[in-house]
Structure formats: C-alpha cells, structure tokens
Amino acid sequence: MKAFEYAIKMEMDCIKFYQNTANQAIHPELKIFWELMIDHEIKHYDFFALFGRSSIQDEMPMFTDGDSDNVFPDLLNSMKQFNFSNQDIKSLEKTLVIERQTEKFYRGWVQDVYDEKLKKQILIIADEEQRHMTFLDELMGHINQIDKIKEN
C-alpha cells in the first residue's frame with residue numbers, strides 16, 4: 001500500500017471513530033471538540049484522496065493551516081469544568097493514541113518525500129496533529145490531577 005493510500009485509510013478510520021464518539025457525547029463542548037476533529041480529519045482525507053488521483057503535481061490541492069485551532073484554548077478552559085465519565089476518558093485516551101500515531105506516520109513519511117510542495121503539505125498536517133496532541137495532553141493532565149485529588 002502506498003503511503004498516501006495508507007494516509008487515506010488512517011484518516012477515514014479517524015473520521016469514523018470521531019463520528020461515533022461525537023454521537024455519544026453528552027457535554028456540548030465535548031461534542032464540539034469531536035466535530036472539530038471530524039472537520040480536520042475530513043480536510044486531511046480530502047487532501048490525500050485528491051493527491052492520490054492527481055498525476056500532475058501542479059494539480060495537487062493545497063492544504064492550508066486552518067485558523068480553527070484558536071478555538072482549542074477556550075474549549076479547553078470550558079472542558080476543565082466537566083465531570084468526565086469513564087467512557088469520555090477512554091475516548092480521549094484513544095484519540096491521543098490515534099493522533100500520536102498519525103503525527104508519527106506523517107513525520108516519518110516526509111523523510112522519503114523529495115517534492116518540496118508535497119513535503120510542506122504533509123508537515124502542515126503533521127503540525128495540526130501535533131496541536132491536537134498538545135490539547136489532549138493538557139486536558140488529560142487536568143483530568144489526572146482531578147482523579148488524584150479525588151483519591152486523597
């Protein structure tokens with residue numbers, strides 16, 4: 001399987017998982033988070049799907065760094081007020097694993113890419129995955145602090 005085909009499959013798997021998780025979300029902010037993640041993964045999927053069909057590099061779509069990430073700090077602050085269910089925590093933990101795997105894949109793949117335009121696009125997507133991980137790391141750190149306080 002070619003790298004871009006693997007990327008397409010990976011992004012589709014993410015979309016499906018995030019859609020299922022969003023449908024189960026009770027907290028409105030959590031639902032917003034999952035929907036934002038779905039939007040990002042759809043953009044990644046569309047980019048790789050179009051890239052895979054384009055035989056001419058100049059026809060390759062450009063993936064741009066979105067400005068929707070500025071929503072994450074406000075979302076994080078409001079989510080820190082939640083009482084997360086065990087299912088919420090498991091879904092967030094799984095998301096963190098998924099985002100780590102995709103970011104690692106993209107950074108590894110780019111080492112074998114010689115086309116500078118494509119390399120830049122893959123790195124933009126990898127950077128977005130990194131921002132997702134940063135958000136999730138901070139949220140999970142907060143949840144873990146709350147759990148430790150409850151234990152004491």
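Histidine 44 is buried, because its relative accessible area is 0%, which lies under the 20% cut-off for a buried residue. The model in which this value was computed is a predicted one. Histidine 44 belongs to helix H2, which covers residues 28-53.

- The side chain of histidine 44 makes a polar contact of 3.4 Å with the side chain of glutamate 11. Glutamate 11 is itself one of the buried residues of H1.
- Phenylalanine 4 lies in helix H1. Its relative accessible area is 16%, so phenylalanine 4 counts as buried, the cut-off being under 20%.
- Along the chain, phenylalanine 4 and phenylalanine 51 are 47 residues apart, yet a distance of 7.8 Å separates their C-alpha atoms.

- Helix H1 consists of 22 residues, and the distance from its first C-alpha to its last is 32 Å, close to the expected 32 Å.
- The buried residues of H1 include Ala7, Ile8, Ile15, Thr21 and Ala22.
- Helix H4 has 24 residues, which should span 34 Å at 1.5 Å a residue; the end C-alpha atoms are 35 Å apart, so the two values agree.
- Among the buried residues of H4 are Asp88, Ser91, Thr95, Glu99, Glu103 and Trp109.
- An α-helix has 3.6 residues a turn, so residues three or four places apart point the same way.

**The largest pocket**

- The volume of the largest pocket is about 180 Å³.
- Which helices each supply at least two residues of its lining? They are H1 (3-24) and H4 (86-109).
- H1 gives the largest share of the lining, six residues.
- Tyr6, Lys9, Asp13, Lys94 and Gln101 are among the lining residues. By class, the lining comprises five nonpolar, two polar and three charged residues.
- Met10, Cys14 and Phe17 also line the pocket, and these residues of H1 are buried. Likewise, Ile98 and Thr102 are part of the lining and are buried residues of H4.

**The largest nonpolar core**

- In soluble globular proteins, nonpolar side chains tend to be buried together.
- The largest nonpolar core of this model has 22 residues; Tyr18, Leu30, Phe33, Trp34, Phe84, Leu92 and Ile143 touch the most other members.
- H1, H2, H4 and helix H5 (116-151) are the elements that each give two or more residues to this core.
- The largest share of the core comes from H5, with six residues.

Key:
Residues are numbered from 1 along each chain as its sequence is written. This is a predicted model: local features need pLDDT of at least 70, side-chain atom pairs count only at pLDDT 80 or more; totals for chains, interfaces and linings use all residues. Side-chain values use heavy atoms; hydrogens and water are left out. On a 1 Å grid over the protein atoms alone, a cavity is a set of points where a 1.4 Å probe fits but cannot get out, and a pocket is an open set with protein on both sides within 12 Å along at least five of seven lines; lining residues have an atom within 4 Å of a point. Grid points are joined across faces, edges and corners, and a volume is the space filled by probe spheres set on the points. Helices (H or I, at least four residues) and strands (E, at least two) are DSSP runs, numbered from the N terminus. Ala, Val, Leu, Ile, Met, Phe, Trp, Tyr, Cys and Pro count as nonpolar, Asp, Glu, Lys and Arg as charged, and the others, Gly among them, as polar. The expected span of a helix is 1.5 Å times one less than its number of residues. Buried means under 20% relative accessible area, exposed over 50%, partly exposed in between (1.4 Å probe, protein chains only). A polar contact is a pair of N or O atoms within 3.5 Å; within protein, one must be able to donate a hydrogen and the other to accept it, and residues adjacent in sequence count only if both atoms are side-chain atoms. A nonpolar core is a set of buried Ala, Val, Leu, Ile, Met, Phe, Trp, Tyr and Cys residues joined through side-chain atoms within 4.5 Å.
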